[in-house]
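This briefing goes through one structure by topic. Please have the sequence and the coordinates open while reading.

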Amino acid sequence: MPNDADLEIGLAWRRKENVLAVSLRFDVPGTATDEWKPSATPLPLDLGQLAELRTDEPAYATALTDTVMSHEDVRGFYRRARAWTEGNAATLHLRLHIDAPAALHSVRWECLRDPDTGTPIATRDDVLFSRYLSSTDWGLVATRPAGVKHAVVAVAGPTDIGRYRSSPDGQPLADVEVNEEIARASEALVGYRLTVLGRDQPVTLANLLATLEEEVDVLYLVCHGLLKHDVPLLLLEHEDRSAAPVDGRALVERLSELEKRPALAVLGSCQSASASGEVSTQDEGVLAALGPRLAAVGVAAVVAMQGNITMRSASIFSAEFFGAFAQRNGVVDHAMAVARRALRSAERDDWWAPVLFSRLRSGRTYYRPAFTESADDTWENLRLMIQEQGLTPVLGPGLADGILGSRQDIARRWVRRWQLPIAAHVQSDLAQVAQYLRVRMAPDTVRAALLDHLRTEIHERRESAQAGDAFDLPDAILQAQSPLAALEEIGRRQRKADPGEPYRVLAAIPAPIYVTTGWTDLLQDALRECDPPRKPVTMTFPWNSQSGKRQAELTEEPSVERPLVYHLFGRFQDRRSLVLTEDDYFAWLKAWIARRDDIPSDIGEALNLQSLLFLGFRLDDWDFRVVFQSIKSFEGSELNLQRNRHAGVQLSPENQSIEPEAAQEYLESTFGRDQISIYWGNTRDFLDELRHKARLDT
């Protein structure tokens, strides 16, 4: 089956010339089809003319299409993309990249029509249409595991809403049918655990934010809105249910402070009787102005109404959208296309009103823990490699998160502790945060701070530990000068209580060599606890001449009974060996090339000639990128890597800045298309399945 194609139209406003700068890209992943025009002829857009046609959708669509499709480059790219899609029975992802003020977002881009057939592009069966937004300060988008989902439904119906008008000369705003709106949302969100505001609790800003503190997948917000200087004013509630005008920017700012933002926000306006007698909204889609702002702070997808919509159309849209959203595991642009086509098929004149603001190239807001391709074959290959002792596990830092906390958590805590002036989108990058501290402190002081963090983490978790918990440690261990004894004891307790504990599972793999970027000796402890006990040999790559520990010698060939555990980035036992800051990673890479003779030949052969299994990484981590490049640095590595069937790469997707398809393509460029599979899920999910598929005795 051919890959889907991408047609991206970039639109950036040039204020001085009063035109849109246009860039174009047509790409078919995995093929040679890739056209790019970074700077096409600017596009003049008469916003005044479009505004005059807002009540006449066919005339509006014609005027907009004539303007956009008269652009020779846009028309040419669209026709080539359409022809390829039709010829290959594929789907076209048509994304508008809009970098422009609010006035340009108010254009009804969804009304664009095919220049040859005159049919709406956004309702074609083979087109997924979305607005893919640009920003100078993106927050990371959280990708969620599929499972039981949580939605917050908030319907604000102030008792004194009649005091407000949609415009100075407009009619008073109508009372909100709160129960009816909640029922409509509840029906659409079947299968979600619902938290409802507006019925028993007022929709105050404080109450809304409090419900969003818990991890929420969908925010479904219904309220009246007004537009003030291109910024929506949300009419929420005070505790006494009177209207509380809330500047949309305040809501967005508070959402940006949440550790995890909703994956999807659906913004709905309130109904009112229209001149035609059919019940509809009357605020001209004011809340849609929130869409780009919510996307900019990390809400993966925002659905809003860009104009007035009848309640009948809103009901059809909600049912179709959330039905398709659930069926396709949260692929939001697909759900949007299904819902738009349903409105068009029902001959609803307001089919164009729903708009999707997206931060997702694939449209996927959830993931299912699984290999991205050829899952059955990959698991069988993995089982055989384990059975034949032909697998080298390459272990990332995520394996120890249950004790140390993730490196992202450490980075954020350091930012708060030292009040570091670091941009929000890199506050979870430990190498960058540590580098900032390195400028202010001596190198060894930063490494000492890491051990201090470990000590603090253990003490804090001991305070909240229940009796019998792994962190319920005796005072004697806690009062030791070094936290490593406590770390060792916690690891021992966790392995004893849990057959699926990561290091216990890894110790059950009959591998003669383990390569790790972790700083602990938890793997070695687990190997010694096997029955019969395995006797690991520990070595560290000597990247840092200041290391105070003498390097062990490898006196015999590694074996399953006596495996070699090779630490690439140091160990807690010798804190000067720790690779922590950006400078450390650069120095490490330099040493990896210059000191190649110091690397045991067994390690080079394992990384270069055997099948590799990467575990506990994120693709955007320094650990993964540096290890990946270091493997490629061996002579002949490209050919050798493509000879082996690599069992897979387990990548944790939470807060990842790259999506599964892009990650697959990136790794295939080195390993070869048929040699690599990515398991997109957390470490525990992978190891639980590995234990079952490979029949590991833990």
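Predicted model: local features only at pLDDT ≥ 70, side-chain atom pairs only at ≥ 80, totals over all residues.

Residues are numbered from 1 along each chain as its sequence is written, and side-chain values use heavy atoms, with hydrogens and water left out. The protein chain has 25 helices and 26 strands; helices (H or I, at least four residues) and strands (E, at least two) are DSSP runs numbered from the N terminus.

**Overall make-up**

- The protein chain has 698 residues, of which 58% count as buried; buried means under 20% relative accessible area, exposed over 50%, and partly exposed in between (1.4 Å probe, protein chains only).
- Among contacts in the protein chain with a separation of 6 or more, 74% come from residues 24 or more positions apart; a contact means heavy atoms within 4.5 Å.
- The accessible surface of the protein chain is about 29500 Å², and carbon and sulfur atoms hold 47% of that; accessible areas come from the Shrake-Rupley method with a 1.4 Å probe, and for residues only the protein chains shown count as cover.

**Helix H10**

- Helix H10 covers residues 332-345, and its 14 residues should span 20 Å at 1.5 Å a residue, which agrees with the 20 Å between its end C-alpha atoms. The expected span is 1.5 Å times one less than the number of residues.
- Because 11 of the 14 residues of H10 are buried, the helix is largely enclosed by the rest of the structure.
- The buried residues of H10 include Val332, Asp333, His334, Arg340 and Arg341.
- Cover for the buried residues of H10 includes strand S4 (92-99), strand S5 (127-133), strand S13 (264-268), strand S16 (301-305), helix H9 (311-327) and strand S17 (354-358).

**Salt bridges**

- The structure holds 44 salt bridges, each a side-chain nitrogen of Lys or Arg within 4 Å of a carboxyl oxygen of Asp or Glu.
- One of them pairs arginine 95 with glutamate 8, with the closest N and O atoms 3.4 Å apart. Arginine 95 is in strand S4 and glutamate 8 in strand S1 (residues 5-14), so this pair ties together parts 87 residues apart in sequence. Both arginine 95 and glutamate 8 are buried.
- Another joins arginine 455 to aspartate 452, again with closest N and O atoms 3.4 Å apart. Both residues lie in helix H15 (residues 443-463), three residues apart, or about one turn of the helix. An α-helix has 3.6 residues a turn, so residues three or four places apart point the same way.
- Arginine 455 is partly exposed at 27% relative accessible area, and aspartate 452 is partly exposed at 26%.
- Arginine 684 and aspartate 498 form a salt bridge with an N to O distance of 2.7 Å. Arginine 684 lies in helix H25 (residues 683-693) and aspartate 498 in the loop between helix H17 (484-497) and helix H18 (502-507), so the pair links distant parts of the chain, 186 residues apart.
- Arginine 684 is partly exposed at 32% relative accessible area, and aspartate 498 is partly exposed at 22%.
- Salt bridges that share partners join Arg79, Arg82, Glu86, Asp114, Asp116, Arg124 and Asp126 into one network.

**Cysteines**

- The structure holds zero disulfides, a disulfide being a pair of cysteine sulfur atoms within 2.5 Å.
- Cysteine 223 is buried at 0% relative accessibility, and cysteine 530 is buried at 19%.

**Strand S21**

- Strand S21 (residues 513-516) is covered on both faces, with Ile513 and Val515 buried on one side and Tyr514 and Thr516 buried on the other. In a regular strand the side chains alternate between the two faces of the sheet.
- Strand S20 (residues 391-395) runs parallel to S21 and is joined to S21 by two bridges; strands pair if DSSP finds at least two bridges between them. Valine 394 has valine 515 of S21 as its bridge partner.
- Strand S23 (residues 564-567) also runs parallel to S21, through four bridges. Isoleucine 513 has leucine 564 of S23 as its bridge partner.

**Proline 483**

- Proline 483 sits in the loop between helix H16 (475-478) and H17 and is buried, with a relative accessible area of 6%.
- Leaving aside neighbours within four places in sequence, proline 483 is in contact with Leu451, Leu454, Arg455 and Ile458.
- The C-alpha atoms of proline 483 and aspartate 452 are separated by 8.2 Å, and the two residues are 31 residues apart along the chain.
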